[in-house]
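Hi everyone, thanks for coming. I'd like to walk you through a few local features today, so please have a look at the screen.

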Amino acid sequence: MSLSHAQAGIDALRRGDARTARESFERIVAAGQADASAYLGLAYACAGLKDRPAALAAVDRALAAVNAAPPPNQLPAELRQEISRAESMCERYAAQFETFLRERLAARGFVEGRSSARFSDSLDIQTGRKRVYLQEPRQYFFPELPQIQFYARTHFPWLDKLEAATDDIRAELIEILKEDSAFTPYIEFNPRLPQTGNLDMLNNPAWSAFYLWKHGELVAQNAARCPMTVNALADVPFARVKNRSPSALFSLLRPGAHIPPHTGEVNTRLICHLPLVVPEKCRFRVGNDTRAVAEGKAWVFDDTIEHEAWNDSDRTRVILLFEIWRPELTLEERALVSAMFEAIDEYGGGQPPVPI
């Protein structure tokens, strides 16, 4: 970076001459010699001239320069100090900008927690409080579907009946829990598939399952032990694909276990959880939304958006987990998706996915 231009810019900022400061820092940028501190100087100069778009653009460039820097332990001491100073300046400017933005919006009627939830999320993303999470299916992507982390209950009128059966379902579960060998690791080694992702959970009993349906087939001996659970699921719009889905199971997470961030296989389905045995300190995250898990309170989410789960208690957590069609898919589209996967399996290239 040109030290003469940089010093001229700094001196101009100190005496309140934003225009001269801007010209000095722009010369550094034009010469291809700008670092994070030069972009921050330009941001302050532009802000002093009330050119907010240019100021924000300069802050973005400063952040990019900071993010591109090697890890601090790989930098000389003087550069570590410079990077730290640039990061602090970026944080201060971002905080000032957010305060300004929220004050202006409040004057126009925006009330946090009462105005549009979608706009609130967009504002958090705009100001860096949240990041953008999108669908990332590992096997099949169906286009033009909404990017929703947790779905509103209004789409699923059958949830009320399911929740009302919580006590009956839990009673059947408790009998099964008396037989620890009834549960098997949720992610098991399959010689037909490459082992990618969630390797810590491979054959790990910390996350285990007791299946009522598996890959589209009723597990008769297990279902016979849970007639009330099977009845409670009678109205559920299962995602039905021959030899693939639905799967419905009791999902068990042992004390201290953490299911690491991951995404599911296909975005034509959603996943439903009905918590049954839930000690304190159990959490579940989809995208930006982290929720405490509560017994008898079901939710529906898009598992192709990054998600993870924690059981930070000293007791086992168990939920009922199953997959349903996305409500946006027409009957024709559901039939075509099913036919496509049947053809894939017939050809020999398919493998039943698991609803993770």
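Let's start with a question: is E144 buried or exposed? E144 counts as exposed, because its relative accessibility is 80%; buried means under 20% relative accessible area, exposed over 50%, and partly exposed in between, with a 1.4 Å probe and protein chains only.

A word on the source: this is a predicted model, where local features need pLDDT of at least 70, side-chain atom pairs count only at pLDDT 80 or more, and totals for chains, interfaces and linings use all residues. Residues are numbered from 1 along each chain as its sequence is written, and side-chain values use heavy atoms, leaving out hydrogens and water.

Back to E144, which sits in the loop between α6 and α7 (159-164); helices are DSSP runs of H or I with at least four residues, strands are E runs of at least two, and both are numbered from the N terminus. Phi of E144 is near 65°, a positive value in a residue other than glycine. Most residues other than glycine have a negative phi, and most peptide bonds are trans.

Now to the loop between α10 and β4, where we find N243. Phi of N243 is also positive, near 65°, and N243 is partly exposed at a relative accessible area of 40%. P246 has its place in the loop between α10 (227-232) and β4 (248-253), and the peptide bond leading from S245 to P246 is cis, with omega near 15°.

Last stop: I125 belongs to helix α6 (residues 117-126) and counts as partly exposed, at 35% relative accessibility.
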